[in-house]
Amino acid sequence: MLTGKRIVLGVSGGIAAYKAVEVCRRLVDAGAHVVPVMTRGAEHFLGRTTLSALASEPVQTELWDAAEPIPHTRLGQTADLILVAPATARVLSAYATGLSTDLLTNTLLATRAPVVVCPAMHTEMWEHPAVVDNIATLRRRGVHLVDPESGRLAGGDVGAGRLAAPERIVAAVERVLGPADLAGARVVVSAGGTREPIDAVRVIANRSSGKQGIAIARAAADRGAEVTLVSTVPTPGLTGARPEIRVVDVETAADLEAAMSAHSRSADVVVMAAAVADFRPKAVADRKLKKADGPPEIVLEPTPDILAGLGATKRAGQVLVGFAAETDDLVANAERKLRAKHLDLIVANDVGAPGVGFQHDTNAVTLLTPGADPRTIGLTGKDDIAHAVLDAVVEIRSAARTELAHPTT
Ligand code: C5P
């Protein structure tokens, strides 16, 4: 899959540097030509000889190399991809601000190749606002992030910040360098929870953060799709920064229904990741209801089931994906919705489980398609879940194309 690809593997100075060896081995096994670059910090954790022995050429560390006066330009220009694993808070900060202090940070600035960054650090550092901002900046610029995992960290601490598993890192590299399997596809994704007004200031809302839907929109764009993201939540990292993602802001179920029906008409793939209110206040006061008047009686009415409507009017060849957030009987309930709403795929979320669903950065899901066995994806980052959902979409699209070319009946 990576045959002939020239990958600069940047290793910076975190305890996870030892895992870069495994990443390097896997890349070489997959056919890549791996050019290793270590920072000074990395040398405290990992011997040059180890990485040099497994990579395709010896490790480079120096910017001021006499034999090669401008090594960073050459490395940056000739790379098909730059991978930084692990990326420390320092490297993220330098890259986000454009500071070039060593061979790795210079190479990152002197390239037009795609960059995959795999942060690893202690939880306190990972959650520090400076790091959070730097990550957001890099994402906005189109850098591919492989989010760290939760687990045991150096010194016996446990928390978020552990370097992603080598297989996840290599899968991300393959995705970035692989064929754009959604090139030219028009994908519409809804994200976030709806807000239904009670009066001029109060709403009925839900706990959806929109993170999973936004991750799907971003992943679809990374895979070549033209994306419309219909969102109830702000998308500061996307609006204006990713021209291939058009953002349509909505608030209520009625807004969402109007936007989805307008944009899904010409779509090849529609993903309803939004958490839509099932009921809304029948009458909305146009002023603020006064506390002194006592608790209001709020009469609710059902909202339209947008997804069921899209399923009923779906055009041939369109792939329709729904979500099922459940606390009980996950698979049975999701299967029922898959059939009732005429979906091609449903993503079932056990929102009662730890780390799963609303507001978390992680998720665990079961993917259900008509006539196939359920496929479970264990707890992982929402970006990984997004790609797993899109892998299933791509499979459905190619099965449909094969069926059109060679009908079985
Ligand atoms: O039936 P339930 O609400 O559990 O189904 C969830 C799926 O249906 C989600 O994909 C959600 O976006 C969609 N939905 C909808 N309109 C509603 C309620 C849910 O499109 N009124």
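**Entry 1: around E16**

I started at a pair of valines: Val-271 stands opposite Val-321 in E16. Helices (H or I, at least four residues) and strands (E, at least two) are DSSP runs, numbered from the N terminus. I am working on a predicted model, where local features need pLDDT of at least 70, side-chain atom pairs count only at pLDDT 80 or more, and totals for chains, interfaces and linings use all residues. Residues are numbered from 1 along each chain as its sequence is written, and side-chain values use heavy atoms, with hydrogens and water left out.

Next I looked up the pairing itself; two strands pair if DSSP finds at least two bridges between them. Strand E13 (residues 269–272) runs parallel to E16, and 4 bridges join them. E16 also runs parallel to strand E17 (residues 345–350), this time with 6 bridges. There, Ala-325 has Asn-349 of E17 as its bridge partner. From E16 the chain goes through helix H12 (residues 330–340) to E17, a right-handed β-α-β crossover (with the strands pointing away from the viewer, the path from the first strand over the helix to the second runs clockwise).

How many residues of E16 are buried? I find 7 of the 8 in strand E16 (residues 319–326) buried, where buried means under 20% relative accessible area, exposed over 50%, and partly exposed in between (1.4 Å probe, protein chains only).

**Entry 2: Val-188**

I then moved to Val-188, which is found in strand E8 (residues 186–191). It counts as buried because its relative accessibility is 2%. Val-188 and Val-271 lie 83 residues apart in sequence, yet 6.2 Å apart in space, C-alpha to C-alpha. Leaving out residues up to four places away in sequence, I noted that Val-188 touches several residues, among them Thr-228, Met-260, His-263 and Val-271; contact means heavy atoms within 4.5 Å.

**Entry 3: the five-stranded sheet**

Here I followed an open sheet of 5 strands, in the order E2-E1-E3-E4-E5, with parallel pairing. Strand E2 (33–38) and strand E5 (144–145) each have a single partner strand, so one side of each edge strand is left without a neighbour in the sheet. Strand E1 (residues 6–11) pairs in the parallel sense with strand E3 (residues 81–87) over 4 bridges, and Val-8 stands opposite Ile-82 in E3. Helix H8 (residues 166–177) lies across E1, E3, strand E4 (115–119) and E5, at about 160° to E3. Axes are lines fitted to C-alpha atoms, for helices over the stretch in contact, and angles run from 0 to 180 degrees between N-to-C directions.

**Entry 4: H4 and H7**

At what angle do H4 and H7 pack? Helix H4 (residues 89–97) and helix H7 (residues 129–140) pack at about 50°, with axes 9 Å apart. That makes H4 oblique to H7 (under 35 degrees counts as roughly parallel, over 145 as roughly antiparallel, 65 to 115 as roughly perpendicular, and the rest as oblique). Contacts from H4, including Leu-92 and Tyr-95, meet a set in H7 that includes Val-131 and Leu-138.

I also checked cover: Ala-89, Val-91, Leu-92, Ala-94, Tyr-95 and Ala-96 of H4 are buried. What covers the buried residues of H4 includes E3, helix H5 (103–109), E4, helix H6 (123–126) and H7. After H4 comes Gly-98, with a positive phi near 80°.

**Entry 5: Gln-60**

Is Gln-60 buried or exposed? Gln-60 sits in the loop between helix H2 (48–54) and helix H3 (71–78), and is buried at 14% relative accessible area. Beyond four places in sequence, its contacts include Val-35, Met-38, Arg-74 and Leu-103.
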